[in-house]
Amino acid sequence: TLVGSGADIAQKVVQQNDGKLVVTGYTTIAAPSDRAVATVRYNTNGSLDTTFNGTGIVTTDFGTSDDEGKSVAVQSDGKIVVAGFGGSTRHALLLRYNTDGSPDPTFNGTGQLVTTGNSSTAYGLSLQEDGKILVARGSANYFLVLRCNPNGTLDSSFNDTGMVTSDIGPGNDIATNLAVQSDGRVVL
């Protein structure tokens, strides 16, 4: 599926309960250095699902920079959560879309949560049964996991700040995936 005017790269795919596929990644909208987060939904027969933003495609652009979706998950209510990065200083971000592809305003007021910290990327994404969202974020010097409430605010019951960092060694430490065990513990 051609999304933009240049390169289209898929980063992650997830299957909804109804069998539809949701893919996230990026599309080049102004070659060579302006990318937008692209999220695409396909019907079970492989055609674009036009009930998703009228075209089956949603792009989210944070200006003249490289923005990418790195991971995607579908909540039990059908809302779609995308993790990645965006903006000129490459902030980690979370996006949540309604089932029709529109930004979900019940998530941080805009459907977007852009975290602070330069040169970081939200790579891994996991949804807890209580609706909280866990994100593995890569940064320059440490592993970082953050947890958001269902409304898009950081969960202060998670390490008092909503974030936990772990410095593993002297070089770059980047967590690219995470999982939640049945006892609630998080593994990066």
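Modeller: This is a predicted model. Its largest nonpolar core has 14 residues, and those with the most contacts inside it are Leu94, Leu125, Ile133, Val135 and Cys148.

Biologist: Which elements give two or more residues to this core?

Modeller: They are strand S6 (80–86), strand S7 (91–97), strand S9 (121–127), strand S10 (133–138) and strand S11 (143–148). With 3 residues, S11 gives the most to this core.

Biologist: What does Cys148 touch, leaving out residues up to four places away in sequence?

Modeller: Cys148 touches Leu94 and Ile133, and also Leu113, Lys132, Thr153, Leu154 and Asp155.

Biologist: Which residues does the second, separate core include?

Modeller: That core has 10 residues, including Val37, Phe52, Val58 and Leu93. As a general point, nonpolar side chains in soluble globular proteins tend to be buried together.

Biologist: Let us turn to Thr39. Where is it placed?

Modeller: Thr39 belongs to strand S3, which covers residues 34–42.

Biologist: Is Thr39 buried or exposed?

Modeller: Thr39 is counted as buried because its relative accessible area is 0%, and the cut-off for that class is under 20%.

Biologist: Which side chain does Thr39 join in a polar contact?

Modeller: The side chain of Thr39 makes a polar contact of 3.4 Å with that of Thr24.

Biologist: And what else is in contact with Thr39, neighbours within four places aside?

Modeller: Besides Thr24, the residues in contact with Thr39 are Val22, Val23, Phe52, Gly56, Ile57, Val58, Ile80, Val82 and Tyr97. Among them, Phe52 and Val58 are included in the second core.

Biologist: Stepping back, how many helices and strands does the chain have?

Modeller: The chain has 0 helices and 14 strands.

Biologist: What share of the residues is buried?

Modeller: Of the 188 residues in the chain, 46% are buried. The chain exposes about 8800 Å², of which carbon and sulfur atoms supply 49%.

Biologist: And what share of the contacts joins residues at least 24 apart?

Modeller: The share is 42%, taken among contacts in the chain between residues at least 6 apart in sequence.

Biologist: Finally, confidence. What is the mean pLDDT of the chain?

Modeller: The mean is 86, and 89% of the residues reach 70 or more.

Biologist: Which elements have the lowest and the highest mean pLDDT?

Modeller: Strand S12 (residues 163–166) has the lowest, at 81, and strand S5 (residues 68–74) the highest, at 93.

Technical notes:
Residues numbered from 1 in each chain as written. Predicted model: local features only at pLDDT ≥ 70, side-chain atom pairs only at ≥ 80, totals over all residues. Heavy atoms only, no water. Helix = DSSP H or I, 4+ residues; strand = E, 2+ residues; numbered from the N terminus. Buried < 20%, exposed > 50% of the residue type's maximum accessible area, 1.4 Å probe, protein only. Contact = heavy atoms within 4.5 Å. Areas by Shrake-Rupley, 256 points an atom, 1.4 Å probe, with all protein chains shown as cover. pLDDT = per-residue confidence, 0-100. Core = buried A, V, L, I, M, F, W, Y, C linked by side-chain atoms within 4.5 Å. Polar contact = N/O pair within 3.5 Å; in protein donor to acceptor, adjacent residues only side chain to side chain.
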